[in-house]
Amino acid sequence: MSDIDTQFSSAFDPFAEANADDSSVGTGTKDYVHVRIQQRNGRKSLTTVQGLKKEYSYNKILKDLKKEFCCNGTVVQDPELGQVIQLQGDQRKNVATFLVQAGIAKKENIKIHGF
């Protein structure tokens, strides 16, 4: 039994680097704004915007997005992700260009996800 214990105690941990990287990400070296699409039913879809800075008023941004793109939307409070903006339809590219033009986020800090 002692041979097995010594083998496992000195085993290589493949997740050691990933855990070390997670701690450096938490310091805020790169803050990304994630723009995603979620498929509902049929052709219906939702666009979600996550990762905006806390200093911005989500309701004012939502109001401008709704007026600009002629769609409906809401601000949802998620326990893990914080506040998330949801818009009706596929508005990924529109939202990305809006955030850059308004000066809310830089183009390099926006990640567009989806099919």
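How many nonpolar, polar and charged residues make up the lining of the largest pocket? In this predicted model, the lining splits by class into five nonpolar, three polar and three charged residues. The pocket itself has a volume of about 200 Å³. Its lining takes in Asp-31 and Val-33, then Gly-51, Leu-52, Lys-53 and Tyr-56, and finally Gly-103, Ile-104, Ala-105, Lys-106 and Asn-109.

Next up is Thr-47, a residue of strand S2, which covers residues 45-50. Is Thr-47 buried or exposed? Its relative accessibility comes out at 0%, so Thr-47 counts as buried, the cut-off being under 20%. Leaving aside residues up to four places away in sequence, Thr-47 touches Val-35, Arg-36 and Ile-37, along with Ile-85, Gln-86 and Leu-87, and also Gly-89, Asp-90, Gln-91 and Arg-92.

Cys-70 is another residue worth a look. Where does Cys-70 lie? It is found in the loop that runs between helix H3 (58-69) and strand S3 (73-78). Its relative accessible area is 74%, and because the cut-off for exposed is over 50%, Cys-70 counts as exposed. The backbone of Cys-70 also deserves a mention, as its phi is near 55°, a positive value in a residue that isn't glycine. Most residues other than glycine have a negative phi.

Notes
Residues numbered from 1 in each chain as written. Predicted model: local features only at pLDDT ≥ 70, side-chain atom pairs only at ≥ 80, totals over all residues. Heavy atoms only, no water. Helix = DSSP H or I, 4+ residues; strand = E, 2+ residues; numbered from the N terminus. Buried < 20%, exposed > 50% of the residue type's maximum accessible area, 1.4 Å probe, protein only. 1 Å grid on protein atoms, 1.4 Å probe; cavity = no way out; pocket = protein on both sides within 12 Å on 5 of 7 lines; lining within 4 Å. Points joined across faces, edges and corners; volume = space filled by probe spheres on them. Nonpolar A, V, L, I, M, F, W, Y, C, P; charged D, E, K, R; others polar. Contact = heavy atoms within 4.5 Å.
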